[in-house]
Amino acid sequence: MIPLLTDGVPRRGLKLLVALALALLAAPLAANDYLITVLILVLYFAYVGQAWNIMMGFAGQLSLGHALYVGLGAYAAAALYVHFGVGPWLGLWVAMASSAAVGATIGFLAFRFGVGGVYFAILTIAFAEFARIGFDHWGWLGGSAGLFLPVANYAHNDILTLRGSPTMFYYVMLTMTAAAFVFCHALLRSRIGYYWLAIRESPDAAQALGIDIFRAKMVAVIISAAMTSLGGVLFAFYYNNLFPEQIFHISRSIELILGPIIGGIGTLVGPIVGAFLLTTLAETLSEIMRWVGIDLPGIKQVFYGFCLLGVVMFLPDGVWPPLGRWLGLGREEGDRGRGEGER
Amino acid sequence: MPAEIYLNVAVSGLLTGLVYGLMALGLSVIFGVVRVVNFAHGEMMTIAMYLAVALFSAYKLDPLAMLVPIAAVLFALGYVLQRGLINPFINRPEHSQFMLLVAVALIMVNALLIAFGPDARGVQTSYAFASFALGPLIVDANKAYAGLAAVTVAAGLVAFFRYTLIGKAIRACADNYAGALVVGLDVKRLYALTFAIGSACVGACGSMMVLLVDVTPPLGPTYTLLAFVIVITGGLGSMAGALLGGVLIGMTEALGGLLFTPSAKSMFTFAILVVVLLFRPQGLLGKRLT
């Protein structure tokens, strides 16, 4: 498996990856609590961004309701833990299965009837909003008053029930992000990965070549949904409180996709770079605001807005493709490869 | 007795739905002609609503009397937005255009949040508590005026597209882009004009909407989504479809709120969307999708 995975990856890239992995592994030794929480956020967005990227970046299906899968995963695992004492390592299978089922339903509805592009995006939002309002009225799960997990004892790290310090969550999140990276890399190299790229570039041509595009898109949405829900499970056990109004909200869905878009849609490294850039910039901004002593709700989002505006206007392929070239890594396989001025 | 309640709620939903329909009409015009997804549609409406609220609280100007000036401001905003930001994106992939407008929307919502705060703002017109009685039917004056205004504006818009030369030219752009270029239409200017007209639509709509609901910044995304649901339900590119969709969604919301809880009313809206996408993806009055 290893030689296959590293095939075709530039040596320089491998070295940089190993260096990055080592730095991230060692980070808790040097970082204080605040920095750890920021890094957890970075890793979280990197993880869910990669999951979203499978659908949009690889298979070309724009989902704007990925908060749905985060929320479903979070609620499934949290409800099992709160109501039945089932730990997260069992709960996550339920979370992934239920999200995959919902993803498959949406995919079936949309792809079967040729609902694509903007229509598909609206459908995904509609389902997320539907879930938000539904969960708001679901008393067993706390409704709009929220669902709370028993607060963690930070002195004792219990990996089996995911109760513990931020450092423990950091390593769990790091493992998940790294695993997602390797998984996405493997996917891109697999048959289905090539199918996706073909569909993304031209669905008609892909179909003409005999690709079952319905099946390939279904696989994409199911994998993406299941992966995203795993992020939701971690979210639930890390934050210990869940509100439908927050977790399913459309702004969560948008926040989630900013990373991959800014980093570079369809690239492997893009979602990670994007999550890192966006989170650190946002945190820096909050720090500056705190330091200046101005408390304006919404200023962070305005800043997000201008960042996004700048990237879509001036770096339509995201930050990573030019950055990667600058680092001498060449073009990676998921790269859209759109030239300047072309379409 | 209960029958009268349903009738009253249905009529009130119908009137609200007409305003929704006008909002969706603006979106449909932009989407149908410029082929750009205006994801800042609801946000633009909240800007108009805040304009109406500000004018009312400062100078006691009635929102409906301010309909034309507010629409004019939004017209200008739409024109500038299309010319400056969106036009370079006309030939970019869909998701790229979409992200551009999400960014614009994000800035609009939160700029409003910074400017006006998170509290709900509304207007108290002199006729706020008045109503008309038509037999067993009691119609809220606010809603009646808003619905009437919506129908008037929509009729004006339909007439504009049907009878004026510019309106015909815009429809020509929508029907056949290459053809429009060939006969020498200034497509860029017409696109900007269309975007501006769609924006003026939501501008007018905003000054009606403040009569019906109090405005908060997060209302923007909600209305964007609602406008999309209506346009898809009614049928893309169909003006009558947008109005019909608006009325359908307005009445569903109202009756859903009555039968279940008001906070769950939009669930019915999404249920309608799913059903329409399932059985009639081109929308109720839309042409067959290709």
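**Figure 1. B:Lys60, an exposed loop residue.** With 10 other C-beta atoms within 10 Å, B:Lys60 counts as exposed; the cut-off for that is 12 or fewer, against 20 or more for buried and anything in between for partly exposed, with C-beta atoms placed from the backbone. You'll find B:Lys60 in the loop between H2 and H3 of chain B. Its phi is near 55 degrees, a positive value in a residue other than glycine. A word on the model: it is predicted, so local features need pLDDT of at least 70 and side-chain atom pairs count only at pLDDT 80 or more, while totals for chains, interfaces and linings use all residues. Residues are numbered from 1 along each chain as its sequence is written, and chains are lettered from A and ligands numbered from 1 in the order in which they are written.

**Figure 2. B:Pro63, a buried loop residue.** B:Pro63 lies in the loop between helix H2 (41-59) and helix H3 (67-86) of chain B; helices (H or I, at least four residues) and strands (E, at least two) are DSSP runs, numbered from the N terminus. B:Pro63 has 26 other C-beta atoms within 10 Å, which means that this proline is buried. Which residues does B:Pro63 contact, leaving aside its neighbours within four places in sequence? They are B:Ala52, B:Phe56, B:Val123, B:Ser207, B:Val210 and B:Leu211, where a contact means C-beta atoms, placed from the backbone, within 7 Å. B:Ser207 sits 144 residues from B:Pro63 along the chain, yet their C-alpha atoms are separated by 5.3 Å.

Figure 3. Strand E1 (residues 131-134) and strand E2 (residues 137-140) of chain B run antiparallel and are joined by four bridges; pairing takes at least two DSSP bridges. B:Leu134 has B:Leu137 of E2(B) as its bridge partner. Two residues lie between the strands, and B:Gly135 takes a positive phi near 60 degrees in this hairpin.

**Figure 4. H1 crossing H9 in chain B.** Helix H1 (residues 2-34) packs against helix H9 (residues 219-234) of chain B at an angle of about 75 degrees, with the axes 8 Å apart. Axes here are lines fitted to C-alpha atoms, for helices over the stretch in contact, and angles run from 0 to 180 degrees between N-to-C directions. H1(B) and H9(B) are therefore roughly perpendicular, a label for angles of 65 to 115 degrees. On the H1(B) side the contact includes B:Tyr20, B:Leu27 and B:Phe31, while H9(B) brings residues including B:Tyr223, B:Phe228 and B:Val231. By class, the contact has 11 nonpolar, three polar and no charged residues; Ala, Val, Leu, Ile, Met, Phe, Trp, Tyr, Cys and Pro count as nonpolar, Asp, Glu, Lys and Arg as charged, and the others, Gly among them, as polar.

**Figure 5. Where chain A meets chain B.** Here 36 residues of chain A are in contact with 32 residues of chain B. On the chain A side, helix H6 (117-136), helix H12 (250-263) and helix H14 (299-314) each supply at least two residues. H6(A) gives the largest share, 12 residues. That side of chain A has 26 nonpolar, seven polar and three charged residues.

**Figure 6. A:Asn240, a partly exposed loop residue.** A:Asn240 is found in the loop between helix H10 (213-239) and strand E2 (241-242) of chain A. A:Asn240 has 15 C-beta neighbours inside 10 Å and so counts as partly exposed.

Notes. Two residues are in contact if their C-beta atoms, placed from the backbone, lie within 7 Å. Angles under 35 degrees count as roughly parallel, over 145 as roughly antiparallel, 65 to 115 as roughly perpendicular and the rest as oblique.
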